[in-house]
Amino acid sequence: MIIPLSLVLLAADLFISRACGCHDLYEPYAQDSLHQPFGRFMKNPSHDAVFENIADTDQSIAQHRLSLETTKDVDAALEPEVPPPPLDVVPLIISGPSTNRVDFVFFSDGYLPEERAKFLSDALRLAEDVSKNQTFNTVQPLLNFWAAFSPSRESGIGVGGLPKDTPFGLFRYGTELRGVYYAHPEVGKAACDSLGTQCDYPILLGNDPLYGGLGGDFTVITASTLNGALVLRHELGHSILEVGEEYDGGFGYYGANAAHDLKIIPWRQWLSDATRVDTSGAPRVERSVMAMQAYPWTLLNATDPWSIKFESSGTYSRYSVQFSLSGIPNKKDLRVTLDGDELGWLPREKIGMDRWFYNFHSPKKLAAGKHVLSFNLLNGKKEGAAQLCSTEVLEYGTEDEFISTPGFYSLYPTFSDLNQTSYRPTNEDCLMRSVTVPNLCKVCLETLWINLLKDLDFVDNIKESCKQNHASTLKVLELDLLPVADLRKIPIAHKETYTITWEKDGRPLSQFTNKTRAEIEDDQSLGEYTIHVKFSTEEVRLESPSLQGDWHHKVTALCQGS
Ligand SMILES: *[C@@H]1O[C@H](CO)[C@@H](O)[C@H](O)[C@H]1NC(C)=O
Ligand SMILES: *[C@@H]1O[C@H](CO)[C@@H](O)[C@H](O)[C@H]1NC(C)=O
Ligand SMILES: *[C@@H]1O[C@H](CO)[C@@H](O)[C@H](O)[C@H]1NC(C)=O
Ligand SMILES: *[C@@H]1O[C@H](CO)[C@@H](O)[C@H](O)[C@H]1NC(C)=O
């Protein structure tokens, strides 16, 4: 299948729209309308999740990107004619022909010729993580994963804004664990284009052990054991589902998992309790508030703690403190306190210098008035690496006012960087909100099915053959269907069905209903067949044309001449 690759520069620029504070210049595609001005190029607009808000404070990224944007002519940049790098394409997880599957290709960057095996094992680990038992597991029969190896002359990815000698030129600005950018998008485009239908979603995999990545036309990830799959899932979520964020402090909230108007709830079909309405009959919003939210991206030092003050109204019952850190491997390296009381932070097991996300829930209320959250680096040897990336304090009503139970679908407020409210379907069930969660919520899964199936046929192929049955000869028509429902090789827990109906020259052949094989008397077999296939799964509740289709086949010759 081919999804046109769109222009990467624009994708990358989405960051900057916020980063440089130049809202006027970029407003047209900084918000929900971001498809419009460049819709033709931007099949998969970038809403890089884990990194985008972050660029807010980084003027160097902003300035760099800004100069790219202002100096390059968009149409000229669209046609970069360079040869693809040498590609050694290896199948990882294959479910069927590329012409009728959605194909993900990992491209190598920063792997020396002798690191080919490492690349293949990194790519396989990531492909399995997102499809074997979680995330895209149920749609796996619609997907293929490939690894395309191109050797690099240098190992690893660049730092300080300087790419190494690698095919796609992946690099970080500075050394901090944040965005990973590419210097040679034209090579990426040429590489993907050269694979034709075998490349729908190109993934540039950097040979680096730590957190980093980028969303957009190319999904950029690293080989980080803890974070590679986390970034991959989230960025593919943006690209395939065409949804924005669910976490707080971002700026793009749109698509199937975002509501801006209580009268228009895209996930009405998933609401857990339709009777949960307020006195006016309007759906009830789960009661919470964002008391504090920041993306400091600051290096910590052992001289002075990094602190942030915030206020509480004192009217909520519970709260949580969330933050993400990198470069702090040990418990004794850092003390995190709220109003002087230690939170009891423990580094994630085996985190080393990599980034991780921490979430402390308290069943107590925050008192009305001022509070202070402090990050106190205790180990001076970690200066220069120890970093506080993001932090947030949320307050919640009682369990009756704010249902925190996993699996509850309702209206949960999400707060943007400007503290504007939109709504999401679950509290913390979705990897689009909480990047450490490995699964999509049901609303996103439904959209995943619909979007993947949009460009696929249920019928891979129809085989025509002949069969002798006693005195008569039979024409045999046999369907190869997408291997879902009862054709799955690995069964799944929930129910799926195929409904198949056959017609010949407009007349139903009801004896073959729900059969993938039809046997017809040879002398009556000439004609035009229409096979209607409808798929249903418990994971899709919306009616969607993506879930059914007609397949036409003409029998033009008899088995036994005539
Ligand atoms: C899926 O497998 C991974 C790695 O083997 C494991 O960490 C994860 O917990 C598993 N998830 C589920 C839902 O079983
Ligand atoms: C967001 O707005 C609410 C009121 O609507 C306020 O209580 C809260 O403190 C604000 N949060 C931030 C981080 O500004
Ligand atoms: C240490 O960090 C604090 C908080 O970010 C900052 O105000 C201070 O300038 C830093 N001190 C040094 C010596 O870098
Ligand atoms: C065909 O399969 C569908 C889905 O399982 C079922 O609802 C329908 O009754 C079946 N029809 C026949 C004739 O078996």
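Predicted model: local features only at pLDDT ≥ 70, side-chain atom pairs only at ≥ 80, totals over all residues.
Residues are numbered from 1 along each chain as its sequence is written, chains are lettered from A and ligands numbered from 1 in the order in which they are written, and side-chain values use heavy atoms, with hydrogens and water left out.

**View 1. Crossing of helices α5 and α7.** The axes of α5 (residues 116-131) and α7 (residues 228-241) come within 10 Å and cross at roughly 55°, where helices are DSSP runs of H or I with at least four residues, strands are runs of E with at least two, and both are numbered from the N terminus. Axes are lines fitted to C-alpha atoms, for helices over the stretch in contact, with angles running from 0 to 180 degrees between N-to-C directions. The two helices α5 and α7 are therefore oblique to each other, the class left once angles under 35 degrees (roughly parallel), over 145 (roughly antiparallel) and 65 to 115 (roughly perpendicular) are set aside. Leu126, Asp129 and Val130 of α5 make the contact with Gly228, Ala229, Leu232 and Arg233 of α7, contact meaning heavy atoms within 4.5 Å.

**View 2. The open sheet β20-β21-β24.** Three strands in this order form an open sheet with antiparallel pairing, two strands being paired if DSSP finds at least two bridges between them. Strands β20 (459-469) and β24 (517-521) stand at the edges with a single partner strand each, so one side of each is left without a neighbour in the sheet. From one strand to the next, the twist averages 20°. Between β20 and the antiparallel strand β21 (residues 472-481) there are ten bridges, and isoleucine 462 stands opposite leucine 479 in β21.

**View 3. Strand β16 with its partners β11 and β13.** Seven bridges pair β16 (residues 369-377) in the antiparallel sense with β11 (residues 306-312), and phenylalanine 310 stands opposite histidine 371 in β16. Strand β13 (residues 334-338) also pairs with β16 in the antiparallel sense, over five bridges, with leucine 334 opposite leucine 377 in β16.

**View 4. The disulfide of cysteine 192 and cysteine 199.** These two cysteines are joined with an S to S distance of 2.1 Å, a disulfide being a pair of cysteine sulfur atoms within 2.5 Å. The link of cysteine 192 and cysteine 199 is left-handed, with -105° about the S-S bond. A search of the whole structure finds two disulfides.
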